[in-house]
Amino acid sequence: MDGYGGGAAAEGDLEAAEKLIMRWDSTASSAADERMLFDGGDRSDAERYLRAVDELRRSIKDPVIVGSPRRSSSSSSHSSSENAIQIAMARLEDEFRNLLLTRANEVEVDALVDLSSLSLNSSASMDGYGDLSDAEGGGGGDGGGEGEAFSSDSVGASISIRRSSIRSTRSIREIDLLPADAVDDLRSIAERMIAAGYGRECVQVYAGARKAAVDMCFRHLGVEKLSIGEVQRLEWDALEAKIRRWIRAARVCVRIIFASERRLCEHIFDGLGIADDAPFIETVKGASIQLFGFAEAISIGRRSPEKLFKILDLHDTISDLLPDIAVVFLSKSAESIYTQATEILSRLAEAVRGILSEFENAVFRDPPKTPVPGGTIHPLTRYVMNYISLISDYKPTLIELIVTRPSAISRFSGDDLAAAGAALPELDFPAPENQTPLAAHLIWIIVVLEHNLANKANLYKDNALSHLFLMNNVHYIVHKVKDSPELREMIGDDYLRKLTGKFRLSATSYQRATWMRILHCLRDEGIHVSGSFSSGVSKSTLRERFKAFNAAFDEAHKTQATWYVPDTQLREELRISISEKLLPAYRSFLGRFRQHIENGRHPEMYIKYSVEDLEITLSDFFEGCAPSLHNRRRSH
C-alpha cells in the first residue's frame, strides 16, 4: 500500500502502517537489521516508512469518533500504535545515527587553513544546500498536520533571519558537512522523532555523532587537550610553537568548522521545537571550551618580555575572530562562549600593558657587568632596538591598548633604584603634546637604554674607548629608527636629530681623547731656539717630539686596531675624520723639520712614518683584530 489516510479506510491504514513498522523492526528481523532505509539509494521504502510513522502519530493524537467500528477496540489499538511508535523511533534513531556517520563529507583540514583567512562575498557562503524550502520538499511528510509546519512561512522567516546573521561577517566560510539529500533525510527523521516526544534522544544522537567529527578536525589541526597548569608549565619554545598552531586552528574552527556545524544544525532542527539551538551547543561547547581554554591559560600566565609578540598575535587573532564568534554563538545558551572570548581578550590586553612595563624596568635594571670587547654594540642595545622595532610592527593594536604615558617617577621603584645603585636619574625625556602614549613609551625605552649604556660605558678604563662605545651604540639606535618607517614616525624627527647629535658628540669626544694628545706632539712650541751657533731648532727637542709621536701613534694603532666599529660607513667616516686632522698636521710638521733629523745620525729612529704610511696604518683602526704590520710601507 503506497498511501495512508482515506477516511473510510482509517483502520486499514493503521494496520498497514503497524505492519510496515514491524517489518523494519531490527530487533525482530536480521534482514531489517542489515539494511538501512536511508541508504542514499531507492527512497521509496524510506518514504513509505515515514508515512507509516505519520499515520501512527495521527492515530494516537486523534480520538476515535462516536459510532466508529474501532471504538470497542480503541484501547488495545491505541496501545498497539504506541508500541509501534516506540519501535519506529528506535529504528529512526538508528537511521539518524547511520546517516550522520556514513554520509558525512570528508573534511580536508589542510585545505581549510587557507580558506579560513579568505574574505568572501556573503552570497557564496550558503551555496551548498540552496534554499531550505528546496531541501524540505523531499522530506517525506504527509502534506498535512505537522508536515505543514515543516515548510511554514514563519519557520522560513526564522531561518532566513538566522542565515542572514551568519553571513553578516564576510570572513565566515561555511562548508557542506553532509550532502543535501542526507540533510533532507535527517530533517525528515528529526521532525518525526521530535513530534513523537523523542526530541532529547534525537539531539543526543546528533550531538554524539557530530562531536566526534569536530574532535577529529581538532586532532588534525593539532588542538590538544591541555589544562591551564599544563600550558603554563611548558617551556617557551614549545609554547611558542603551540601558539602558532593555535592561531591557525582557531580561524578554521570558528570561521569554518563551528559556523558549518551551526548551519547544519539549523537546516536539520530549526522550526521543529528544539529549544535555543541545543543540538549545536551540545556538539561544539566542549570543543570551544577546549579551544579557548588554551588562550585563557596564556592570558593569565607569567608575564615576560619574550612573550609580548605572541600574546599580541593571540590578541589580534581573537579580536579579529570576535565578530565571527558573536555570530556563530549568537543564542542565549551559547553566549558564555562569546563572554569567555571577550574576557580572554581583555586579559591579553592587560598582559600586553604589563609586559611592556616590565620590559622598561628590565632595561633600566640590566646591571653593568663586564664591558663588551672593543667598544662594539652591546647585546642589550641590539635586543632592545630589535624589540621596539617589532613593537612598531604592531602599531595599530598597541595604539589601542597603550593609553597612558610613562612616568619616570612611577616607573622606578625603590628596588629598581637600589639595583641601579643610584637615586632617581635625571633623564632627558621629551614629551610633545601631540605624541601618542605608545610613542612616548618607545622614546622612554630608548631614554632608559641610553641611561643604562652610559653606566656600562663607565666600565671601560680607557676614556676614548668609553666614548667609542657610546658612539657605536647610539649610532645603532639611530639607524634602527631610520630603518623602520613606522618606528621613525612614532619617534619623530626632533628626537631622532637629538640622538644623531649625541652619537656625533661621542665621536668628537673619542677623537679628542685619543688624538689631541698625539697631535700635541706635533706642536712647534719649545722647538725653536735662538743663538749664534744654532740653526734655530733644538734638535734634541725635535727628536723627542718625533719619538713621542711615534710611541703615541704606535700605541694607538696597537690598541685601537682591536677596537671595533661594526658599521662600515661609520668606520670609514671616523677614519676620514681622523685623517683630515692627523695627516695635514704631520705633513706640515715633517715638511718643516725633516731636514734637521735627516742631517743627523740614525734618522730612521725618529722619522718612522711617511704621510702615506700613516694613511695606510689608519686603515687598521676599528677592525676588531690585531694590526697586520707586514702590509705597511715603511719610509726607512
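Leaving aside its neighbours within four places in sequence, which residues is Ile311 in contact with? The answer comes below, after a look at the protein as a whole.

## The protein as a whole

Welcome to this structure, which is a predicted model. Its secondary structure comes to 26 helices and zero strands. The protein has 636 residues, and buried residues make up 49% of them.

What about contacts across the sequence? Among contacts in the protein with a separation of 6 or more, 82% are between residues 24 or more positions apart. As for the surface, the protein exposes about 29500 Å², and 50% of that area is supplied by carbon and sulfur atoms.

## Helices H13 and H14

Let us turn to a pair of helices. H13 covers residues 278-299 and H14 covers residues 308-328. Their axes come within 11 Å and cross at roughly 160°. An angle over 145 degrees counts as roughly antiparallel, so H13 is roughly antiparallel to H14. The crossing in which H13 passes H14 is left-handed.

Which residues of the two helices meet? From H13 come Phe280, Phe292, Ala295 and Ile298, and from H14 come Ile311, Leu314, Ile318, Ile325 and Val328. Sorted by class, this contact of H13 with H14 has nine nonpolar residues, with no polar and no charged ones.

## A closer look at Ile311

Now back to the opening question. Ile311 lies in helix H14. Apart from neighbours within four places in sequence, Ile311 is in contact with Ile298, Leu348, Ala351, Val352 and Ile355. Ile298 belongs to H13, and is among the residues there that meet H14.

Leu348 is 37 residues away from Ile311 along the chain, yet their C-alpha atoms are separated by 6.6 Å. Is Ile311 buried or exposed? Its relative accessibility is 3%, and buried means under 20%, so Ile311 counts as buried.

The relative accessibility of Arg173 is 24%, so it counts as partly exposed.

Where does Arg173 sit relative to Ile257? The two are 84 residues apart in sequence, and in space they are 8.9 Å apart, C-alpha to C-alpha.

Definitions and conventions. Residues numbered from 1 in each chain as written. Predicted model: local features only at pLDDT ≥ 70, side-chain atom pairs only at ≥ 80, totals over all residues. Heavy atoms only, no water. Axes fitted to C-alpha atoms, helices over the stretch in contact; angles between N-to-C directions. Helix = DSSP H or I, 4+ residues; strand = E, 2+ residues; numbered from the N terminus. Parallel < 35°, antiparallel > 145°, perpendicular 65-115°, else oblique. Left-handed = near helix turned anticlockwise from the far one by under 90°. Contact = heavy atoms within 4.5 Å. Nonpolar A, V, L, I, M, F, W, Y, C, P; charged D, E, K, R; others polar. Buried < 20%, exposed > 50% of the residue type's maximum accessible area, 1.4 Å probe, protein only. Areas by Shrake-Rupley, 256 points an atom, 1.4 Å probe, with all protein chains shown as cover.
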